Amino acid sequence: MIYAMCFILFLIGLYGATCKKNIVKIILGLVVMEYAVNLFLVLQGWRKNGQAPILDGRTNLEEFAARAVDPVPQALVLTSIVIGLGILSLMVAIAIRLYERYGTFDVTEMKRLKG
Amino acid sequence: MNDIIYLVALPLAMAFFIPMIGRKVRWLPDVLANATTLVLLILAGQTVGREGVYALGGWAAPLGIVLVLDSLSSLLLLIINLVSFMATLFSVDYLEKLYTSKLRYYSLFLLMVAGMNGTVLTGDFFNLFVFLEIASIASYALVGFGCEADELEASFKYLVIGSIASTFVLLAVALLYGRLATLNMAHVAWLLQQNGFDRVTTFAFVLLLVGFLVKGALIPFHAWLPDAHPSAPAPISAMLSGVLIKAIGIYVLIRLTYNVFGITPMLSALFTSIGVISMMIGVLLALGQWDFKRLLAYHSISQMGYVVLGIGLGTPLGLLGGLFHLLNHSLFKSLLFLDSGSVEYETGTRELEKMGNLSQKMPVTAGSTLVASLSISGIPPFNGFWSKLVIILAAVQAGRAGLAVWAVIGSILTLASFSKIQRYAFFGQGKDFEPGKWALYQEVPLLMRIPLLVLSTLCLAGGLILWGGLNGFWGPVVEVLLGGPADYIGSILGR
């Protein structure tokens with residue numbers, strides 16, 4: 001169920017990125033899409049009433065294995081959030097420059113490249 | 001085996017080191033960047049004929065991240081680092097005249113090289129995604145490097161399409177991890193062999209396929225390429241067309257289909273049909289172009305069609321032809337883009353109509369363009385002839401003579417569109433030719449001539465690599481793919 005909701009969020013983002021004409025909306029669509037994937041990824045390691053996956057000398061290993069959440073998706077999602085931030089800032093920077101050149105955010109009016 | 005990590009670590013470190021120390025001394029960034037790419041080329045040359053696995057941080061597969069070196073990756077490493085050395089040599093004078101901010105340029109350039117080397121070496125799905133993103137983000141920024149309106153527009157278009165593709169790849173990685181609880185590519189292959197495909201893994205595979213077809217710019221996923229490649233500075237166009245679409249597009253497709261998921265007759269049919277469509281539509285669109293670099297960009301799509309056609313045939317001869325054409329295309333297409341850069345350097349334009357009689361003023365540029373045009377059109381004895389011949393023979397041998405006919409027609413149309421370049425730019429004149437300006441043109445500086453000459457020599461001598469056929473240089477490369485998932489799993493996990 002929750003996976004299906006993630007997927008719907010992903011499709012909303014895909015719709016925004018591909019069908020909208022305004023650059024800001026396209027950027028927002030991409031961000032929504034990326035967050036849907038991040039959410040899906042972090043949910044892969046989620047457990048109800050789980051505990052933080054930190055080992056110290058006193059931890060009971062069997063209980064740890066039974067209750068701890070999977071740390072790998074958390075590490076992955078941190079990396080992918082940072083990458084997403086990099087792309088987002090580049091996109092916004094290009095959008096600002098485009099606005100300076102064309103005076104509009106509408107992609108249908110930017111058609112110097114055709115064919 | 002420890003030296004392969006430097007192929008990723010060295011450019012990554014230098015990408016941040018050059019802007020830090022290069023501010024004071026003018027010539028230092030040029031020297032450092034060229035030294036870095038030269039060292040990388042030597043390192044890549046040393047990987048030929050070796051294979052092995054390097055575990056990052058000492059954590060062995062399947063738990064840790066591994067870098068895998070085999071004949072296919074070392075072929076790609078050689079191509080990437082050869083073209084990047086040529087491009088940095090060319091950049092020294094080219095950037096001086098046409099662009100500002102060399103420090104940032106070299107920084108982004110080396111990040112892109114690090115990303116591509118990593119993509120080719122990695123044996124881990126998430127690591128693949130990270131390196132893919134490093135290479136892609138650097139290339140988005142480099143396409144918009146000039147900050148003119150059309151360059152920004154191309155860059156934004158490329159960025160949006162590219163990041164949708166990357167998000168597809170990330171979703172596929174998440175699905176695979178959710179289903180199989182592993183990220184190691186060989187381990188995924190092993191689990192799939194044991195348990196077979198289900199709906200989730202099939203969906204993940206389709207997402208990966210779409211993501212990398214977009215990165216490889218095959219029709220119908222090509223829309224960004226004809227805008228993005230011409231907008232970049234010429235050495236970057238040479239890198240993008242010459243190696244980027246191969247390293248993060250075609251190579252990953254080949255690796256995933258042959259070594260991880262396993263090739264099926266349906267996939268073969270998909271690849272051959274995408275190959276033929278890209279080959280024909282790419283060349284037909286190229287015929288109508290009047291912008292020098294845009295014409296070349298459409299030819300990249302068309303020539304990648306040949307590669308995918310050869311790969312899709314799946315026979316040893318077809319694989320040989322496809323991979324050989326991949327190598328050849330990186331040589332002559334980067335040469336052509338560097339030539340377009342030196343024409344732009346002298347004339348200040350990319351419009352074929354405004355050029356004329358350049359062969360009298362720029363003999364080296366004209367000669368190397370002629371060599372590259374003959375290579376890409378498949379005229380003997382240049383390298384493009386041999387690889388196209390192998391692909392056509394492979395198609396006939398596989399009983400698909402129809403495909404061979406298409407390949408021949410594509411080649412003839414390629415020749416037609418390159419005779420247009422020769423006619424307007426070098427041995428005749430366009431409509432808007434200006435004799436007054438023409439009198440002032442001269443040959444480009446020495447540092448720009450060296451890459452042109454080296455690459456032309458390689459185009460001329462490239463056919464020799466075919467010596468011995470499947471028993472020579474190409475034998476181990478083709479075996480990596482023919483071994484399928486089983487050999488790949490064996491070499492990494494030892495199962």
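**Figure 1. Chain A of the predicted model has four helices and zero strands.** The structure shown is a predicted model. Read along the sequence, the elements of chain A follow the pattern α-α-α-α. For 115 residues the globule rule gives 13 Å, but the radius of gyration of chain A is 20 Å, well over that value, so chain A is more spread out than a compact globule. The C-alpha trace of chain A spans about 65 × 30 × 25 Å along its principal axes. Of the 115 residues in chain A, 24% are buried. Among the contacts in chain A between residues at least 6 apart in sequence, 54% join residues at least 24 apart.

**Figure 2. Chain B touches chain A.** Here 26 residues of chain B are in contact with 27 residues of chain A. On the side of chain B that touches chain A, helix 5 (125-143) and helix 6 (149-180) of chain B each supply at least two residues. Helix 6 of chain B gives the most to this side, with 17 residues. By class, the residues of the side of chain B that touches chain A are 17 nonpolar, five polar and four charged.

**Figure 3. Helix 3 and helix 4 of chain B are in contact.** Two packed helices are described by the angle between their axes and the distance between the axes. The axes of helix 3 (residues 71-98) and helix 4 (residues 102-121) of chain B cross at roughly 175 degrees and come within 10 Å. Angles over 145 degrees count as roughly antiparallel, and helix 3 and helix 4 of chain B are therefore roughly antiparallel to each other. Helix 3 of chain B makes the contact through residues including Leu76(B), Leu77(B), Ile80(B) and Leu95(B). From helix 4 of chain B, the residues of the contact include Tyr105(B), Phe109(B), Val113(B) and Met116(B). The contact of these two helices has ten nonpolar, four polar and one charged residues.

**Figure 4. Helix 7 of chain B packs with helix 10 of chain B.** Helix 7 (residues 185-195) and helix 10 (residues 234-261) of chain B pack at an angle of about 50 degrees, and their axes are 9 Å apart. Helix 7 and helix 10 of chain B are therefore oblique to each other. Met185(B), Val188(B), Ala189(B) and Leu192(B) of helix 7 make the contact with Asn259(B), Val260(B) and Phe261(B) of helix 10. Six residues of this contact are nonpolar, one is polar and none is charged.

Methods
Residues are numbered from 1 along each chain as its sequence is written. Chains are lettered from A and ligands numbered from 1 in the order in which they are written. This is a predicted model: local features need pLDDT of at least 70, side-chain atom pairs count only at pLDDT 80 or more; totals for chains, interfaces and linings use all residues. Two residues are in contact if their C-beta atoms, placed from the backbone, lie within 7 Å. Ala, Val, Leu, Ile, Met, Phe, Trp, Tyr, Cys and Pro count as nonpolar, Asp, Glu, Lys and Arg as charged, and the others, Gly among them, as polar. The radius of gyration is taken over C-alpha atoms; the globule rule is 2.2 Å times the number of residues to the power 0.38. A residue is buried if 20 or more other C-beta atoms lie within 10 Å of its own, exposed if 12 or fewer, and partly exposed in between; C-beta atoms are placed from the backbone. Axes are lines fitted to C-alpha atoms, for helices over the stretch in contact, and angles run from 0 to 180 degrees between N-to-C directions. Angles under 35 degrees count as roughly parallel, over 145 as roughly antiparallel, 65 to 115 as roughly perpendicular and the rest as oblique.
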